[in-house]
Amino acid sequence: MTPEPGGPVAAGRTAPPGGSALGVPPAPPGSRADPIAAEGLTTSDLHKAFGDHPVLRGVDLTVPDGAFAAVLGASGSGKTTLLRILAGFERPDRGAVAIGGVTLDDDHHHVRAERRRIGYVPQEGSLFPHLTVEGNVGFGLRVREGREAEIAELLERVGLSGLGHRYPHQLSGGQQQRVALARALAVKPRIVLLDEPFASLDTGLRATVRADVRAAVQRSGATAVLVTHDQDEALSIADLVAVIRDGVVAQAASPRDLYESPVDPDLARFVGEANLIEGTSYGSTAETALGWLELRDGRRPARQPVTVLVRPEQLRVTPSPGGGPGVGARVVEAGFHGHDALVHLVTEDAASAPMIARVVGGMRLETGARVTIKVVGPVHCWPRPSAGDTSPDPPAGAQEGEPT
């Protein structure tokens, strides 16, 4: 049986007259009088298992009010389960979910999905095929004066002005996702949850749609949580990226901090191409097979074995001879990607594992070509277990952090 317009819908329901869906006095979204807007979304020690298979093992996450967060994880990591718990479609086995300090889920409370004022955008849009665009967007709205104008404003916000009388089968995939977003925003949600909404879109369309979606959510004032397995998507769209691994949040940080200073080598490889090089730290520098490198994280103990992270774009490649200062290397393979090329290299002395450099500007490098490579910018590192300390004394000046 098809639910009546104005009834519960995946995107939620507007608050009852005189109060909010969470039982707190209403206030303009984003105002300081609004306790939910002041504190954002938090989860504490969330656990969830299906049978004897644990999926979430203690998820702690805080998303500030108005932020656009991405939950990034491999398939089966639990990111969709987390989203369903936030929406109220699943209950956690243990732990708590709160919006603005108001508990939605814990051992003693459970606010039903339709009373959470949460907008939900599923992966495939899930539009009603027998309703027009206007009918889909207005499905969760009560029939009242000004409803049509409100729907028209939402369609303009998502870039679909003039398409209100079309049916879903008359729209492209990107347009259908915009309709799904407009439907979620129609109920004026506190939180918008997006379940890999761009996964089925063509590569060329994906970037445009996700930029438009982010802009529309920001204009609404809502907090957003996107789940995705696409690292580029998470890093390009979010203010905060939380990586789920083994059922917990391995790291939650800004995209730049996550990419430049991941918590461990495994996470470094997960969020992007990574060259991991052994070295020895001397204060604010490290000695490696690529020379003396400046450490991003400040001073470290002298003669400490470390693993150094060098991102492909930090490797400057110049043809040899005459390549200037740096380390000699040989091209093993070059993969052309149009906007850039990924070049696989080994150093002439084979003192490190094979490396990857990202080259832009149309430089042509054939397999077997001799080049010079140099690291540009500071690098991140982690302590590396060592069986013994046999490193030589640092050269003069290295303790002060000056590369030699």
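Asp-45 is partly exposed, with a relative accessible area of 33%; that label sits between buried (under 20% relative accessible area) and exposed (over 50%), using a 1.4 Å probe and protein chains only. Asp-45 belongs to strand β1, residues 41-50, and its phi is positive, near 50°, though the residue is not a glycine. Keep in mind that this is a predicted model, where local features need pLDDT of at least 70, side-chain atom pairs count only at pLDDT 80 or more, and totals for chains, interfaces and linings use all residues. Residues are numbered from 1 along each chain as its sequence is written, and side-chain values use heavy atoms, with hydrogens and water left out.

**Positive phi values**

- Most residues other than glycine have a negative phi, and most peptide bonds are trans.
- Arg-303 is another non-glycine residue with a positive phi, about 60°.
- Arg-303 lies in strand β14, residues 300-310, and is partly exposed, with a relative accessible area of 30%.
- Strands (E, at least two residues) and helices (H or I, at least four) are DSSP runs, numbered from the N terminus.

- Most of α5 is covered, as eleven of its 14 residues are buried, including Gly-174, Gln-177 and Arg-178.
- Those buried residues pack against β6 (118-121), α3 (133-137), α4, β7 and α6.
- After α5 comes Lys-188, with a positive phi near 50°.
- Pro-189 sits in the loop between α5 and β7 and is buried, with a relative accessible area of 10%.
- If you skip neighbours within four places in sequence, Pro-189 is in contact with Arg-117, Ile-118, Gly-119, Ala-184 and Ala-222, where contact means heavy atoms within 4.5 Å.
- Pro-189 and Ser-220 are 31 residues apart along the chain, and their C-alpha atoms are separated by 8.7 Å.

**Helix α6**

- α6 covers residues 203-220, which makes 18 residues, and it reaches 26 Å from its first C-alpha to its last, close to the expected 26 Å.
- Its buried residues are Arg-206, Val-209, Arg-210, Val-213, Arg-214, Ala-216 and Val-217.
- Looking down the axis of α6, those buried residues fall within an arc of 165°, so they line one face of the helix; the arc is that of the directions from the helix axis to the C-beta atoms.
- Gly-204 and Arg-219 are exposed on the face of α6 turned away from its buried side.
- The cover over the buried residues of α6 includes β3 (68-72), α4 (147-157), α5 (173-186), β7 (191-195), β8 (223-228) and α7 (231-237).
- Just after α6, Gly-221 takes a positive phi of about 85°.

**The largest pocket**

- The largest pocket holds about 390 Å³ of space.
- A pocket is an open set of points on a 1 Å grid over the protein atoms alone, with protein on both sides within 12 Å along at least five of seven lines, and lining residues have an atom within 4 Å of a point.
- Grid points are joined across faces, edges and corners, and the volume is the space filled by probe spheres set on the points.
- Of the 14 lining residues, Asp-232, Gly-272, Glu-273, Leu-342 and Arg-358 lie nearest the centre of the largest pocket.
- α7 and α9 (265-271) each supply at least two residues of that lining.

Notes: Expected span 1.5 Å × (residues − 1). 1 Å grid on protein atoms, 1.4 Å probe; cavity = no way out; pocket = protein on both sides within 12 Å on 5 of 7 lines; lining within 4 Å.
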